Every structure is written in C-alpha cells, then in structure tokens.
Amino acid sequence: MNEEAIMDALRGKRVGLVNCTAIEAVIIRALTQVEASFAVVQANAVDPGASELNRFDALILGVGDGVDESGWLLPEIARNHTRPLLLAGPPEAIYCREALQSHADDIILTPFSKRELLFRLHRITRGKRPFRETVVRSEKPIVLVADDDRDITIYLGCVLKNLNVEINIVGDGRAALAAARQLLPDLLLLDIGLPIINGLDVLRQLRNDPGTHDLATVLLTGSSDPSHVSEGADLGVLDYILKPFDGVDLVRKLKAHIGAKSPLQNPRAPK
C-alpha cells in the first residue's frame with residue numbers, strides 16, 4: 001500500500017498517547033499530517049483496563065520511565081488490552097521485557113520517522129499482526145547483507161546473483177535491524193564491525209525479538225578474535241566468513257547456508 005493510501009486510511013482515527021512525553025512531538029506531527037485525532041493518557045492516572053480507552057482506535061505506549069509502577073507493563077495487561085497497542089521506545093527499554101514483545105501488536109524503536117510511525121499505526125488498526133504474518137515473501141531465497149564496505153558488498157552481490165537469490169544490502173547496524181525485521185531473510189550475512197550498532201549487538205537484539213530470534217545468520221569478520229567466535233557461538237550463528245574472502249570457500253559456504261535452519265529455530269527463544 002502506498003503512502004497516500006495509508007494516510008487516507010488513518011484519517012479520522014483516534015490515538016491515545018500513553019507516557020509519550022519524550023516522543024510526543026514527532027507523534028503529534030505525524031497524526032496531524034493525516035488528520036487523525038489524539039489524546040494524552042497519563043499512565044499513572046488511568047487504569048490500563050479502563051473502558052474509556054475503548055474510544056481509541058489504537059494506543060501508543062512509550063516504554064521507559066514513568067510506567068514501571070503503573071500497571072501498563074504487566075504481561076496480563078498487555079495480553080488482555082482491548083485496543084491495538086504499539087510499543088515505542090529504545091531497544092534497551094523494550095527488548096528486556098520479553099512478555100511485552102509477545103503481546104504487543106507492534107513495536108517501533110526510537111528514534112523513528114513520521115512515515116514509519118504511520119505505517120505501523122496503519123497495520124495495527126487494520127488488525128494486522130507482526131511482520132512474520134504480513135511480509136510478502138519472494139519466490140527466491142532472501143539474503144540480507146549488512147556491511148559498510150562498498151567493495152565487499154559489490155563483490156558479495158555479484159556472487160549472490162549467481163546463486164539465484166534476492167539480495168538486500170544495508171550499511172549500518174540500525175538499518176540492519178530494520179531490514180531484518182521487515183524482510184525476515186532466509187540468510188543474514190552480518191559484518192561484526194558495522195557502524196552505529198555493531199554486528200554482535202545487532203544479533204543480540206534480533207535474538208531477543210520473538211519475530212527474528214531464529215534468523216539464520218553468518219558473521220562476516222576481518223578478525224579471528226576468539227571472543228568474537230565465542231560470542232557468535234552463544235548467539236547461534238551458523239558460520240564465520242573471514243575477510244578477505246576466498247572465492248571458492250565463500251561460494252561453498254553460501255550455498256550450504258542459504259535456506260539452512262538456524263540452530264535457534266526449534267528451541268525456545270533466548271531470554
């Protein structure tokens with residue numbers, strides 16, 4: 001659905017902003033743009049199960065200071081809420097609360113753009129559940145390459161084209177997180193030394209997200225640092241590919257791992 005259609009669909013919707021002080025400005029600008037209405041809900045003044053909340057088409061809950069003692073973060077509240085619920089906040093505030101991830105209708109990480117907010121609000125107000133159920137899958141295996149070295153991504157792109165896969169390339173950790181959550185790739189090739197968020201931290205966040213905890217992942221690295229190997233093993237990586245690449249070894253490993261099952265696909269999600 002294009003942006004204009006999303007704006008039309010959100011026009012006139014009513015959104016409750018719970019504990020959103022820190023991000024209120026960008027939310028209000030986005031809602032004003034689509035002519036939606038909103039009201040501020042004080043987390044500590046309104047019971048999460050109050051019938052008055054039913055007047056909203058969706059609730060945005062800012063996860064962070066001010067809601068821990070209010071009842072809004074209790075798993076049973078998240079599970080039984082009557083309005084679509086969008087969690088908003090930094091990764092460290094959201095992903096440490098595993099029960100919330102399972103019961104929220106969607107999650108948006110700060111900082112976020114107006115366009116992303118409107119897209120996610122549109123999805124939850126239409127009753128759509130997380131990406132795993134809504135993403136349109138390519139007929140080809142999807143490979144996501146996350147590396148900031150242009151020469152390496154060009155080379156990997158050329159190799160992957162010959163393997164008949166759909167290729168997606170990002171250049172930093174934040175973009176890698178967003179793309180992995182949206183695309184749910186069949187294989188993630190993840191550079192350890194990514195800017196903004198390094199590769200191991202990206203992988204930790206993906207493993208702690210119920211929607212992406214089992215992504216098949218191969219780490220790209222220019223170092224054989226034993227600590228990286230150990231951390232990667234703990235995070236369930238399939239393999240390491242060392243830079244500079246050996247062409248024959250690279251093709252062999254890619255062929256073996258595209259479509260392979262992650263070690264974490266069957267066991268329970270890590271905490």
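Author: Lys243 is in contact (heavy atoms within 4.5 Å) with Asp147, Ile152, Asp191, Leu220, Thr221 and Gly222, once its neighbours within four places in sequence are set aside. The model is predicted, so local features need pLDDT of at least 70 and side-chain atom pairs count only at pLDDT 80 or more, while totals for chains, interfaces and linings use all residues. Residues are numbered from 1 along each chain as its sequence is written, and side-chain values use heavy atoms, with hydrogens and water left out.

Lys243 sits in the loop between β10 (239-242) and α12 (247-257); helices (H or I, at least four residues) and strands (E, at least two) are DSSP runs numbered from the N terminus. One of the partners of Lys243 is also a polar partner: its side chain and that of Asp191 make a polar contact at 3.0 Å. A polar contact is a pair of N or O atoms within 3.5 Å; within protein, one must be able to donate a hydrogen and the other to accept it, and residues adjacent in sequence count only if both atoms are side-chain atoms.

Two of the residues that touch Lys243, Leu220 and Thr221, fall within strand β9, which covers residues 217-221. Thr217 is found in that strand too. With 0% relative accessibility, Thr217 counts as buried, where buried means under 20% relative accessible area, exposed over 50% and partly exposed in between (1.4 Å probe, protein chains only). A polar atom of the Thr217 side chain lies 3.1 Å from the backbone oxygen of Leu215. Beyond four places in sequence, Thr217 is in contact with Leu187, Leu188, Leu190, Leu203, Arg207, Val237, Leu238 and Asp239.

Ile152, another partner of Lys243, falls within helix α8 (residues 150-161), where Ile154 is also found. Ile154 counts as partly exposed, at 41% relative accessibility. The C-alpha atoms of Ile154 and Ile169 are 9.4 Å apart in space, and these two residues are 15 residues apart in sequence.

Elsewhere in the chain, Asp105 occupies the loop between α5 (98-103) and β5 (106-109). At 7% relative accessibility, Asp105 counts as buried. Between Asp105 and Arg83, 22 residues apart along the chain, the C-alpha separation is 9.4 Å.

Helix α6 (residues 114-125) packs with helix α1 (residues 3-10) at an angle of about 60°, the axes being 10 Å apart. α1 and α6 are therefore oblique to each other. From α1, the residues that meet α6 are Glu3, Ile6, Ala9 and Leu10, facing Arg115, Leu118, Phe119, Leu121, His122 and Thr125. Axes are lines fitted to C-alpha atoms, for helices over the stretch in contact, and angles run from 0 to 180 degrees between N-to-C directions.

Helix α2 (residues 24-33) also packs with α6, at about 65° with axes 9 Å apart. That pair is therefore roughly perpendicular: angles under 35 degrees count as roughly parallel, over 145 as roughly antiparallel, 65 to 115 as roughly perpendicular and the rest as oblique. α2 contributes Val26, Ile27, Arg29, Ala30, Leu31 and Gln33 to this contact, and α6 contributes Lys114, Leu117, Leu118 and Leu121.

As for the whole chain, it has 12 helices and 10 strands. Of its 271 residues, 48% count as buried. Among contacts with a separation of 6 or more, 63% join residues 24 or more positions apart.
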